Amino acid sequence: MPQRREPTLADVAELAGVSLTTVSRVLNNRGYLSETTKERVGAAIAELNYRPNQIARALHGMATQSIGVIVPTVALPFFGELAARLEVALAEHGYRILVCNSQGRAEREREYLDLLVSHRVDGIISSAHNEDLADYGTVRMPLVMIDRDLSPTIPNIRCDNARGGVLATEHLLARGSRRPLLLTSRTGSRNGREAGYRAALARSGIEPQIVAVVFNTPEPERTQRIAEELTNRIGHFDAVFATDDLTAAGVVEWARLAGMRVPEDLRVIGFDGTQAVRQAMPGLTTIRQPIDQIARRAVAELLAQIEAVHDGVELRERETAPMELPVELVVGRTT
């Protein structure tokens, strides 16, 4: 007769003829176990179609083999590709991911952080964009940031944003631009791409022009605001460096509607180099981030922390400098 309830750990132990502790050790790969015992437990799990109760495992201090990933939204090409690369890299080590979309809102990020901690995931990777969120300071589990400065004791993996800003701006200047405009989602000292843009212009004695429209402004309002800002400045800029590819693609469309030719009348360069945008707009000039390398470095750092916890080592006892990976200029038809 078909089983009328989900099988339990006790069911597995009974069928395999071993103790509950032995089944737990097999599931968590802890301590010495003979191959015969592992095979018996594995056969019982397969026969019963047993699925470990992750919450119960967490309450008993066991590994859940799950990692929380917090991003603004996977609807944006960079974060969608980053989440996919993280999933692949973690799966290679037997981990699953729980993806949380904060939508750029601090309160939602707090809710997801509380959810992940309460479910005792084995670690968290965050690439959300809410700065100065103190809640992470209370997290005592393995934690890695991607392109986010929250604390010098929390590892931060990112591309060399400042170098990318320099490469993008110098490329526009080399192509003849003398009034390049920066279009970004947030201006300030933490914007490395803006810092690179400013540094390159300063060496050429050119005044910066910056338009900032917050990335989580809902559509179509964000597109309309960008269009208004650019339209109001027509005649004052001859190129646009957009700090993400999706915005750069929007600028190309704005230019077309405004009767401008790209690149003859307006040069446009983006940032990220995601596969999705490259396929949709292969001619876009961009600064390509090493997204797969970023994901794999973040995973390696998180796994090192998880192992440290197993060994009884205290986390975040020392400061660590951000790990920056090199970017690449990809020249297309828009410059």
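Visitor: What should I know before I start?

Guide: The model is predicted, so local features need pLDDT of at least 70 and side-chain atom pairs count only at pLDDT 80 or more, while totals for chains, interfaces and linings use all residues. Residues are numbered from 1 along each chain as its sequence is written, and side-chain values use heavy atoms, with hydrogens and water left out.

Visitor: How many helices and strands does the chain have?

Guide: Helices (H or I, at least four residues) and strands (E, at least two) are DSSP runs, numbered from the N terminus. Here the chain has 12 helices and 12 strands. Its C-alpha trace spans about 80 × 50 × 35 Å along the principal axes.

Visitor: At what angle do helix 1 and helix 2 pack?

Guide: Axes are lines fitted to C-alpha atoms, for helices over the stretch in contact, and angles run from 0 to 180 degrees between N-to-C directions. Helix 1 (residues 9–16) and helix 2 (residues 20–28) make an angle of about 105 degrees, and their axes are 9 Å apart. The two helices are therefore roughly perpendicular (65 to 115 degrees).

Visitor: Which residues of helix 1 and helix 2 meet?

Guide: Contact means heavy atoms within 4.5 Å. From helix 1, Leu9, Ala10, Val12 and Ala13 meet Leu20, Val23 and Leu27 of helix 2. By class, this contact has 7 nonpolar, no polar and no charged residues. The nonpolar class is Ala, Val, Leu, Ile, Met, Phe, Trp, Tyr, Cys and Pro; Asp, Glu, Lys and Arg are charged, and the others, Gly among them, polar.

Visitor: Is Thr8 partly exposed or buried?

Guide: Buried means under 20% relative accessible area, exposed over 50%, and partly exposed in between (1.4 Å probe, protein chains only). Thr8, in the segment before helix 1, counts as partly exposed because its relative accessibility is 33%. Across the chain, buried residues make up 46% of the 335 residues.

Visitor: What is the strand order in the open sheet?

Guide: Two strands pair if DSSP finds at least two bridges between them. The open sheet of 6 strands runs 2-1-3-4-5-11, with parallel pairing. At its edges are strand 2 (96–101) and strand 11 (323–325), each pairing on one side only. From one strand to the next, the twist averages 20 degrees.

Visitor: Which helix packs on that sheet?

Guide: Helix 6 (residues 106–118) does, touching strand 1 (66–71), strand 2 and strand 3 (123–126). The direction of helix 6 makes about 155 degrees with that of strand 2.

Conventions:
Parallel < 35°, antiparallel > 145°, perpendicular 65-115°, else oblique.
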